[in-house]
Amino acid sequence: MNGIHDMGGMHGFGPVEREANEPVFHHEWEGRAFAMRVVTPVPIPGGARNNIETMEPLRYLRSSYYEKWLHARVKGLIDSGVLTAAELQAREALYRGRPDTPVPHCEDPERVQAVLANLRKHRSPRREVDAQPRFAIGDVVRVRNLHPHGHTRLPRYVRGKRGVVTRFYGFQDVQDAQPSGAAAEPQAVYAVRFAALELWGDAAEANSTVCIDMWESYLEPLEEQSQ
Amino acid sequence: MNGAHHHAHAGSDADMALRTQALESLLVEKGLITTDVIDAVVRTYEQDIGPLNGAKVVARAWVDPAYKQRLMADGTAAVAELGFSGAQGADIVVLENTPSVHNVVVCTLCSCYPWPVLGLPPAWYKSYAYRSRLVREPRTVLREFGLDLPENIEVRVWDSNSDIRYMVLPERPAGTEHLREDELVPLVTRDAMIGTAIVRAGGVSSAPAES
C-alpha cells in the first residue's frame, strides 16, 4: 500500500537525532512489549507489518517504535480471537484504578529454554524450487509501476526506475499480500543497484547509488547487458 | 530523555506501560506466555545479543583471511561459526567497505536490522529522518554523523526491504597491524557496522553520539 510508512526520499523530518549511551529499552514497558510481540505463540493474521502499515497515518507518525509493535501484537491477538478489545480495556481499567493489583506471575524454566533456543534457531528464507531465475547479474531492468493495496516490499521511490541486477539471492517466499486463498510460488530475489541520478534527478548527490532487493515480479527486462 | 527517542507519542509512556501490563496480565492468565519467558527475552537482548557480536565477526575477518572469505561467501554460516544466529538474521549478507566503495544500511519501510550480530537497532536507525533521508542524500546524512567522504568514494546505500539482513565489514584502520584479534574487537563500533562511521585506530569514533 502507498502508506505513510513508505518514507524513502521524503522531505521534512529534520536532522537525524542521536542519543549518547542509549539503552536498549528506554522504558521497562518497551522491553516487555517487545518480548510479547516476538515470542507469544499466536500468529498475527496478515502479519505484524501489515497491522503497523494500516494504522491511521497520523497515529503512525505519532507512535513510537514499540508503541507500533504493541499495536501489531494486540491487533493480532484480537483478530485471532485470543482476546477481545473489551477484555483488554477492562484489565487496563483495573490497573489504572488499583495500581497495586499484582500482575499474575508464572514461571516455566523449560519454556524459557525452548523460547531462547527458538530465538537463535536458523530458518533460511531461501526455498528449493525447480525453476530458473529470469535475470542474470549485469542485466538492466526496470521496476514495474505497481501500486498494490496490501502489504508490499516495493517502495514508491524505485517504481518505474532503471537499475542493474548485482546479486542473486535464490528463491524466497513472496511477502506481498496475496488475494485471500491464493498462494504465491517462491520467486527469485535479486539485489538491484540504482544510480542516484536515476532516482533523484538533479537533486542526486555525487557518486552514490542505492541497492534494494527485488522479487522477480517487481521487475521487467529493459535490455540485456553483459558486465 | 533526549535525542531521537522523544518523537511525539500517540499514547504517553504511562498509557503504554498500562497497556503492556494489562496485556501481560491477560497472556499469563491465559497460559500463552510466562513471566520468566518475558524476563529472559528482555535480558537476552539487553545483555547477550548486541553489537559486540558483530565486532567479534569483524575482528575475526580482519585477522583471518580464510574466515573473511567464508564471511563474504555466506555471511549467515560464517557468523554462526562464532555462535550468532536466529531471529532477524536468517540470511545475513556482509558488505565489504573498500577504498573505493563505502556501504551504509537503512530500512525505509520499517526498521529491519541484523539482530544476531548488532542487537536491536538504536532509535536513530528507526527514526523517520534516517529512514526518509539516507536513500536521497546519503552524503549529507553521513556528514551529520561526522563522516565526510570524498567524492571519489562511491556511497552505496542498501535499503533492507527483504529477508536479507545486511552488515557492513568496515576497513581495518592503518596503524592496527600489531593488534591481536581481541584487541581489535573494542575498536569496532556499532555505527561502523551499519556504515554511518568508519573504524579509527585510536578507537575514537567519528560519531559524537556513538554508544
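Reader: In which segment of chain B is B:Ala197 found?
Author: This is a predicted model, in which local features need pLDDT of at least 70, side-chain atom pairs count only at pLDDT 80 or more, and totals for chains, interfaces and linings use all residues. Residues are numbered from 1 along each chain as its sequence is written, and chains are lettered from A. With helices taken as DSSP runs of H or I of at least four residues, numbered from the N terminus, B:Ala197 is found in the segment after α11 (190-194).

Reader: Is B:Ala197 buried or exposed?
Author: Buried means under 20% relative accessible area and exposed over 50%, with partly exposed in between, for a 1.4 Å probe and protein chains only. Because its relative accessibility is 0%, B:Ala197 counts as buried.

Reader: What distance separates the C-alpha atoms of B:Ala197 and B:Gly146?
Author: Along the chain, B:Ala197 and B:Gly146 are 51 residues apart.

Reader: What share of the residues of chain B count as buried?
Author: Chain B has 211 residues, and its C-alpha atoms fill a box of roughly 55 × 35 × 30 Å along the principal axes. Of these 211 residues, the share that counts as buried is 64%.

Reader: Which share of the contacts in chain B with a separation of 6 or more comes from residues 24 or more positions apart?
Author: A contact means heavy atoms within 4.5 Å. Among the contacts in chain B with a separation of 6 or more, residues 24 or more positions apart account for 66%.

Note on methods: Side-chain values use heavy atoms; hydrogens and water are left out. Helices (H or I, at least four residues) and strands (E, at least two) are DSSP runs, numbered from the N terminus.
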